[in-house]
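Subject: Structure handover

Hello,

Here is the structure I promised to pass on. Please open it first, then read the notes below.

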Amino acid sequence: RRRAESPPDLSSRSRSLPPWLVGYFGWHRRAVAASPPPPSVRYLVLTCRYSDPECGGLARRLGGMPAFLHLAAASGRVLLLHWTKPYALTEFLTPPPGGMDWRVPDGLELEGEGAAVV
C-alpha cells in the first residue's frame, strides 16, 4: 500500500497531549512517510497472529497502549501494530487522517533474517 499525501498533523493542534507525545507523533509520522522505510529506522511491533498462542481480547491489547507509546518514544522506535487474529485490525480500525499511522508499511519484513520483530 502506498501512503497518500499527508493531511495536517492532528497531534500538533492538541492542547491536552503532553509535549513528549506530540513530539513522538511528529517523529513517528516522518519516519513512516518514506517508502520503502529506511534501514536506520527501528521499530516496536506489537503482533497478534494466528501463529501466536494467545493475545487476549481487544481491551487487553489496547490497555497497554500508553505504556507501549512511552516505551517506543523513550527507545526511539516507531510503534506499529500487526494484528491479524481473529481478523486484521484494519477491518475494524483505521488510522485517522493526520493521526498516527500504526499499520506495518509495505516492504517491512516481520519474519526471517533482518526482521523488525524480535
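Leu 46 has its bridge partner in strand E2: Leu 81. The two strands involved are E1 (residues 43–48) and E2, and they pair in the parallel sense over six bridges. Strands count as paired if DSSP finds at least two bridges between them. E2 covers residues 78–83, and five of its six residues are buried, so the strand is largely enclosed by the rest of the structure. Buried means under 20% relative accessible area, exposed means over 50%, and partly exposed lies in between (1.4 Å probe, protein chains only).

A word on where this comes from. The model is predicted, so local features need pLDDT of at least 70 and side-chain atom pairs count only at pLDDT 80 or more, while totals for chains, interfaces and linings use all residues. Residues are numbered from 1 along each chain as its sequence is written, and side-chain values use heavy atoms, with hydrogens and water left out.

Now the overall layout. The protein has three helices and two strands. Along the sequence they follow the pattern α-β-α-α-β. Both kinds of element are DSSP runs, numbered from the N terminus: helices are H or I with at least four residues, strands are E with at least two. Of the 118 residues in the protein, 35% are buried.

Next, the aromatic rings. How many aromatic pairs does the structure hold? It holds two. Tyr 24 and Phe 25 have ring centres 6.2 Å apart and planes at 55 degrees, so this pair is tilted. The rings of Tyr 24 and Trp 27 have centres 5.8 Å apart and planes at 40 degrees, so that pair is tilted too. The rule takes rings of Phe, Tyr and Trp (its six-membered ring) with centres within 6.5 Å; planes under 30 degrees apart are stacked, over 60 edge-to-face, the rest tilted. Tyr 24, Phe 25 and Trp 27 form one aromatic cluster. Tyr 24 and Trp 27 both sit in helix H1 (residues 19–33), three residues apart, about one turn of the helix. Tyr 24 is buried, at 5% relative accessible area. Phe 25 is buried as well. Trp 27 is partly exposed, at 30%.

Which side chains meet in a salt bridge? Those of Arg 103 and Asp 101 do, at 2.8 Å, N to O. The count comes to one salt bridge, where a side-chain nitrogen of Lys or Arg must lie within 4 Å of a carboxyl oxygen of Asp or Glu. Arg 103 is partly exposed, at 23% relative accessibility. Asp 101 is buried, with a relative accessible area of 12%.

Last, the surface. Tyr 87, Phe 92 and Leu 93 make a nonpolar patch of about 370 Å². Tyr 87 lies in the segment after E2 and is exposed, at 56% relative accessible area. Patches are made of residues with over 30% relative accessible area and no salt bridge; nonpolar side chains (Val, Leu, Ile, Met, Phe, Trp, Tyr) are joined within 5 Å, like charges within 9 Å. Accessible areas come from the Shrake-Rupley method with a 1.4 Å probe, and for residues only the protein chains shown count as cover.

Best wishes
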